[in-house]
Amino acid sequence: MEKAAENVDAGAAAQLQLKLFGSWASSYTHRVQLAMRLKGLAFEYAEEDLGNKSDALLRLNPVYKKVPVLVHDGRSLAESVIILQYLDDAFPASRQLLPADAFDRAVARFWCHFGDDKLGPAVGAVFASTGEEQEAAVRHVHENLVLIEAELREGAFKGRRFFGGDEVGFLDVVLGCGSYWLAVFEEVTGVQLVDAEAFPLFHAWLRDFEAQDEVRETIPSIDRLLEYARGLRQMLVAMAAGAGAGAASADAPTAAPPAAAPPAATTADIAVDI
Ligand SMILES: N[C@@H](CCC(=O)N[C@@H](CS)C(=O)NCC(=O)O)C(=O)O
């Protein structure tokens, strides 16, 4: 297990009780890492091999068996969004990522749900498909980006630098950790997803988000992500062609979700959880 103690604001003893089980390429893990960095919370990190999950992970998250899992004072929590909300509640003196106003909090949660329920799966479908199926998936991504762009232009987030206001907040963390994959997927598939002219506000927000120190500290290098994504794409396309998981390249990443898909799955059946 890799252990990396974050060396920020070590004053509060409770912070020393935080341990995160994660995976280096997991955007859900990055959400929790980024949130703790923004809050100045020290934590221990345990890297999971998702192809050979540790007994600890299976014990701590027996329901979904996924990362991230956060252990605080010996008690564990799974699901990145639930963990983010818990961190705000459990560390009220730390920078709060959710807005203070009840309505604004609900709006942030709504768009968080949109990200996980619509935008994320749409982007994953582009990555996992080819041909006409991929063209339809790209249209679907654009339909979703139109909705976000409209909120930035004249809706709930009008005039804001970040979704959270002047600083990165809960929704920035949720949408941002995931959105950096857009450029990786564009490079690997050769399909343009975020046209700066079509989605200027979303594009500018993403560049600004990615430039933040805590974000740069959290997101792996583009080269490492590209290598991972190329292997994953190769495996997904082979599986969708009916070649079966056995045809996946030996150096393909050990990403559990694709490996769990049936050999003759159509690309529409394959979920990409990154
Ligand atoms: N909804 C979960 C998704 C977590 C997730 O999909 N984790 C992936 C890595 S990115 C995982 O652990 N996959 C292993 C598996 O599915 O067996 C969250 O928000 O935490």
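Predicted model: local features only at pLDDT ≥ 70, side-chain atom pairs only at ≥ 80, totals over all residues.
Residues are numbered from 1 along each chain as its sequence is written.

Leucine 175 sits in helix α6. Helices (H or I, at least four residues) and strands (E, at least two) are DSSP runs, numbered from the N terminus. Leaving aside neighbours within four places in sequence, leucine 175 is in contact with Gly115 and Phe163, where contact means C-beta atoms, placed from the backbone, within 7 Å. Histidine 113 is 62 residues from leucine 175 in sequence, yet their C-alpha atoms are 9.9 Å apart.

Now for the overall layout. The protein has 10 helices and four strands, in the order β-α-β-α-β-β-α-α-α-α-α-α-α-α from the N terminus. Of its 274 residues, 38% are buried. Among contacts with a separation of 6 or more, 66% join residues 24 or more positions apart.

The largest nonpolar core holds 66 residues, and Ala35, Val123, Phe170, Val173 and Phe185 touch the most other members. Helix α6 (residues 170-189) gives this core its largest share, 11 residues. (A nonpolar core is a set of buried Ala, Val, Leu, Ile, Met, Phe, Trp, Tyr and Cys residues joined through C-beta atoms within 7 Å.) Valine 123, not counting residues up to four places away in sequence, touches Val141, Trp181, Leu182, Phe185 and Leu193.

Helix α6 also packs against helix α9 (residues 222-240), at an angle of about 55° and with the axes 9 Å apart. That angle makes α6 oblique to α9. On the α6 side, the contact is made by Val184, Phe185, Glu187, Val188 and Thr189; α9 brings Ile222, Leu225, Leu226, Ala229, Arg230 and Arg233. Axes here are lines fitted to C-alpha atoms, for helices over the stretch in contact, with angles from 0 to 180 degrees between N-to-C directions. Angles under 35 degrees count as roughly parallel, over 145 as roughly antiparallel, 65 to 115 as roughly perpendicular and the rest as oblique.

Helix α3 (residues 80-90) has two sides worth a look. Ser80, Ile83, Leu84 and Leu87 are buried, and because they cover an arc of only 100° around the axis, they lie on the same side of α3. The arc is that of the directions from the helix axis to the C-beta atoms. Ile82 and Asp89 are exposed on the other side of α3. The cover over the buried residues of α3 includes α1 (27-39), β3 (69-72), β4 (75-78) and α6.

Finally, the backbone has some local features to check. Most residues other than glycine have a negative phi, and most peptide bonds are trans.

| Residue | Phi | Other C-beta atoms within 10 Å |
|---|---|---|
| Lysine 65 | near 60° | 14, partly exposed |
| Aspartate 73 | about 55° | 10, exposed |

Lysine 65 is in the loop between α2 and β3, and aspartate 73 is in the loop between β3 and β4. The peptide bond from valine 67 to proline 68 is cis, with omega near 5°. Proline 68 lies in the loop between α2 (55-60) and β3.

Key
Buried ≥ 20, exposed ≤ 12 C-beta atoms within 10 Å, placed from the backbone. Contact = placed C-beta atoms within 7 Å.
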